[in-house]
Amino acid sequence: MQKIIIPLLTLNNGNKIPQIGYGTYQCKGNELVDGIKYALQIGYTHIDSASCYRNGKDIRVPKREDIFITSKIAPQEQGYENTIKACKKILQDLDTTYLDLLLIHWPGSSGNKPNSPENATVRLQTYKALEQLFQEGLIKNIGVSNFLKHHLEHLMQHCKIKPVINQIEVHPLCWDQATVQYCQQQGILIEAYSPIARNDPKLIQNEKMIELSKKYNKSVAQISLRWAVQKGFIILPKSKTPKYIKENIEIFDFEICENDMNVIDNLNQNYHTCWDPSTVIY
């Protein structure tokens with residue numbers, strides 16, 4: 001089986017990351033084991049996971065040094081000591097000595113209301129722990145997830161190591177332009193989770209997306225993924241089905257023209273299919 005070559009993007013610290021990752025949310029057991037095995041066979045070299053997915057023990061790779069593995073610190077694991085402990089548990093579950101990338105999963109923390117200033121305090125403690133784990137060599141890169149511009153601005157005032165990634169929900173119906181622009185200005189790459197909006201009918205049945213699908217002879221999902229790739233985002237599509245696992249990386253044999261990119265850009269309506277981080281005020 002001929003592998004598809006996935007481009008590498010350069011992080012702000014000079015390290016590389018594959019532009020497409022295999023998403024593992026809500027997937028575990030044999031279906032995850034089989035999904036990863038097939039994904040690696042056809043060209044994926046990047047696996048996205050998280051502590052709260054509780055599937056680390058099912059993520060196994062033949063050559064650890066060839067695979068980029070991401071995990072995330074859950075809201076209930078935030079705080080300096082809790083984060084150190086959580087990271088070591090993640091490493092144990094994954095049976096690895098290091099992570100390629102560790103993110104703060106959410107700008108808020110368990111036990112604090114979304115409008116509590118305490119979220120910002122705990123967030124900084126959590127990030128300080130990531131910096132320490134980075135210095136110890138247990139993490140190769142550190143970053144955040146679901147952070148909006150104001151969360152990042154606060155973090156940047158206090159951190160010693162700039163985050164390399166901000167993983168947020170991105171698809172044609174949802175991309176926070178202020179956050180994207182800020183990240184681009186700061187050299188922080190955007191990772192797009194739910195890049196096909198979880199197959200939501202509002203995207204899949206969108207008339208303009210269907211028109212583009214017919215024009216380029218690609219599925220609406222592939223149009224969405226190609227749009228994100230051309231904007232310089234890392235994408236994290238998720239599927240349990242071999243046909244779609246493969247289809248999700250068959251997006252490098254065509255290019256969306258500038259006018260059509262603008263058409264897709266204008267579909268944005270801040271439509272979240274997952275968490276909405278704007279609820280975390282501080």
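## The largest pocket

By class, 10 nonpolar, 9 polar and 4 charged residues make up the lining of the largest pocket (Ala, Val, Leu, Ile, Met, Phe, Trp, Tyr, Cys and Pro count as nonpolar, Asp, Glu, Lys and Arg as charged, and the others, Gly among them, as polar). Of the 23 lining residues, Tyr25, Tyr193, Ser194, Arg198 and Cys274 lie nearest the pocket centre. A pocket here is an open set of points on a 1 Å grid over the protein atoms alone, where a 1.4 Å probe fits, with protein on both sides within 12 Å along at least five of seven lines; lining residues have an atom within 4 Å of a point.

This is a predicted model, in which local features need pLDDT of at least 70 and side-chain atom pairs count only at pLDDT 80 or more, while totals for chains, interfaces and linings use all residues. Residues are numbered from 1 along each chain as its sequence is written, and side-chain values use heavy atoms, leaving out hydrogens and water.

## Where α7 meets α8

Now to a pair of helices (DSSP runs of H or I, at least four residues, numbered from the N terminus). The axes of α7 (residues 207-216) and α8 (residues 220-230) come within 8 Å and cross at roughly 90° (axes are lines fitted to C-alpha atoms over the stretch in contact, with angles from 0 to 180 degrees between N-to-C directions). The two helices are therefore roughly perpendicular to each other (65 to 115 degrees).

On the α7 side, Met209, Ile210, Leu212, Ser213 and Tyr216 meet Val220, Ile223 and Ser224 of α8 (heavy atoms within 4.5 Å). That contact has 6 nonpolar, 2 polar and no charged residues.

Key
Angles under 35 degrees count as roughly parallel, over 145 as roughly antiparallel, 65 to 115 as roughly perpendicular and the rest as oblique.
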